[in-house]
Amino acid sequence: MVPKVIIMETLNVPMWMVIPFAGLLLCIALFPLIRPAWWDKNKAWAVLFWSLLSLVPFAFHFGAKTSAQTFAGCIISDYLPFIILLFGLFCVAGNITLDGDLAGSPKLNTIFLAIGTLLSSCIGTTGSSMLLVRPMIRMNKWRKNRAHIMIFFIFLISNIGGCLTPIGDPPLLMGFSRGVPFFWSLHLFPVLIVNMAILLFAFYHIDKSRYSRDIARGAHPDLSKPGRMVRVEGIHNILFIALIVTAVVLSGSLPKMAAFQDAAGSTLGIHLAGGVTLTFPSIIEMLLILLSAFLSFKTTDASIRRKNHFTWGAIQEVAVLFIGIFITMQPALLILEAKGASLGLSKPFQMFWAAGALSSFLDNTPTYLVFMTAAGAMKFSKGIATGLGLIPVKMLMAISCGAVFMGANTYIGNAPNFMVKSISDENGIRMPSFFRYMKWSACCLIPVFVIDMLIFFL
């Protein structure tokens, strides 16, 4: 998924226009705690309220035409590819199940997280998360203390593991579409190894303590059929995941081909009302993803979905909440786009923290592009040659790591985070609230990011 980023430098967006975005985030954070039943029933109305509170003042301030272009572009060019990608992976991964005598233990869980983290760079953080979240839940269904397992799942598989290729996470795909070499991201391998080593070490000891607590309280895995071989059912769906990954790669590659460009070098597409263009590469990507989801359902026995306790609740919740997030965050993104180059961020460690802090709450893809553009405008004499200028290796590493890694800081920092939380909640795991999750990320991730800065970005 390569969202179209609407950069409107002439817009002087006042700071008060970010209030609806902050209001929606507070609703997501607080209402599940103080009024959970009301929130489950009325979250769509809350999203509508804050969306209108963002749209109407924006239209009065900048005019109907500019407002229509900004928000229609957000929905058609950003949200639509985003939710179709999630939908496709959600459907295909729901048709794959891991069956056998896998009982969650500290050692097995750590190995599973390590494999999933590396897999994220091959099929994307979203693909890896959707593929592995249900097997991880099933392995540990006998345990009472499970929330920490899914928290580290989000840290590693849903975020940090996607740093090695443009397939891994959308910001890196955006960099690839702007001229960054495909295999350049392998520069981030030492950073990934350091982070994996620290976080997996911490996870193993936390899980070991809580595993012992579960055993002491009488919880035991169901191994009533010892010796049963571990097997994957619905394995043919791996082909459909591969097709989705191919669609994502094409969305970043096709716009650079002459056949998809007009005389001015703009990507060809269907021109819609308000000056918004739905590009042909995006259409191809979405059609391939929807085809994969359709074929996955047609070729997979429904019994596999029953084993996975497959429901539509998680994707429905993400679709509702994120359309509001995408709409209400537009003023914040426009402010960032207008002022990002003048923030005085000239050092790699500054770029690392700035890109990461904003990626924790905003879409990390446009955030990455803003800081990459700012770095390219600094007129460096050496570095990686991109379509935005020369960018030193350490600077580009800092921007990439900040955007990819720190999406793990909140549930909304990266799309798979909220999906994993929702699926975990559906399966009886009491996931922490928005702020309690941030407490976990502050305690576990921020020290790791400080180490990253000291080793790699000073």
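Reader: In which loop is Ile 429 found?

Author: Ile 429 is found in the loop between helix 16 (415-426) and helix 17 (434-444). Please bear in mind throughout that this is a predicted model.

Reader: Is Ile 429 buried or exposed?

Author: The cut-off for buried is under 20% relative accessible area. Ile 429 has 4% relative accessibility and therefore counts as buried.

Reader: Which residues does Ile 429 touch, not counting residues up to four places away in sequence?

Author: On that count, Ile 429 touches Ile 137, Arg 146, Ala 147, Met 150 and Ser 424. For Met 150, the separation from Ile 429 is 279 residues in sequence, and the C-alpha to C-alpha distance is 8.8 Å.

Reader: How should one judge the confidence of the model, and what pLDDT does the protein average?

Author: The general idea is that where pLDDT is low, the predicted coordinates should not be read in detail. Here the protein averages a pLDDT of 87, and 94% of the residues score at least 70. Over residues 1-9, however, pLDDT stays under 50. For that stretch the model has 37 contacts beyond four places in sequence.

Reader: Let us turn to helix packing. At what angle do helix 14 and helix 15 pack?

Author: An angle over 145 degrees counts as roughly antiparallel. Helix 14 (residues 364-376) and helix 15 (residues 393-405) pack at about 165°, and their axes are 9 Å apart. Helix 14 is therefore roughly antiparallel to helix 15. The crossing in which helix 14 passes helix 15 is right-handed.

Reader: Which residues make the contact of helix 14 with helix 15?

Author: Helix 14 contributes Asn 364, Tyr 368, Phe 371, Met 372 and Ala 375, while helix 15 contributes Met 395, Leu 396, Ile 399, Ser 400 and Ala 403. By class, the residues of this contact are eight nonpolar, two polar and no charged.

Reader: How are helix 2 and helix 11 arranged, and at roughly what angle do they cross?

Author: Angles under 35 degrees count as roughly parallel. The axes of helix 2 (residues 36-62) and helix 11 (residues 313-328) come within 9 Å and cross at roughly 20°. The two, helix 2 and helix 11, are therefore roughly parallel to each other. Their crossing is left-handed.

Reader: What residues form the contact of helix 2 with helix 11?

Author: From helix 2 there are Trp 39, Lys 43, Ala 44, Val 47, Trp 50, Ser 51, Ser 54 and Leu 55; from helix 11 there are Glu 317, Val 320, Leu 321, Ile 323, Gly 324, Ile 327 and Thr 328. The contact has nine nonpolar, four polar and two charged residues.

Reader: Is Lys 421 buried or exposed?

Author: Lys 421, in helix 16, counts as buried at 16% relative accessibility. Leaving aside neighbours within four places in sequence, Lys 421 is in contact with Tyr 411, Met 431 and Pro 432.

Reader: Finally, what does Ser 292 contact, leaving aside its neighbours within four places in sequence?

Author: Ser 292 is found in helix 9 (residues 280-299) and is buried, with a relative accessible area of 0%. Beyond those neighbours, Ser 292 is in contact with Val 92, Phe 240, Leu 243 and Ile 244.

Conventions:
Residues are numbered from 1 along each chain as its sequence is written. This is a predicted model: local features need pLDDT of at least 70, side-chain atom pairs count only at pLDDT 80 or more; totals for chains, interfaces and linings use all residues. Side-chain values use heavy atoms; hydrogens and water are left out. Axes are lines fitted to C-alpha atoms, for helices over the stretch in contact, and angles run from 0 to 180 degrees between N-to-C directions. Helices (H or I, at least four residues) and strands (E, at least two) are DSSP runs, numbered from the N terminus. Angles under 35 degrees count as roughly parallel, over 145 as roughly antiparallel, 65 to 115 as roughly perpendicular and the rest as oblique. A crossing is left-handed if the near helix is turned anticlockwise from the far one by less than a right angle, and right-handed if clockwise. Contact means heavy atoms within 4.5 Å. Ala, Val, Leu, Ile, Met, Phe, Trp, Tyr, Cys and Pro count as nonpolar, Asp, Glu, Lys and Arg as charged, and the others, Gly among them, as polar. pLDDT is the predictor's confidence in each residue, from 0 to 100. Buried means under 20% relative accessible area, exposed over 50%, partly exposed in between (1.4 Å probe, protein chains only).
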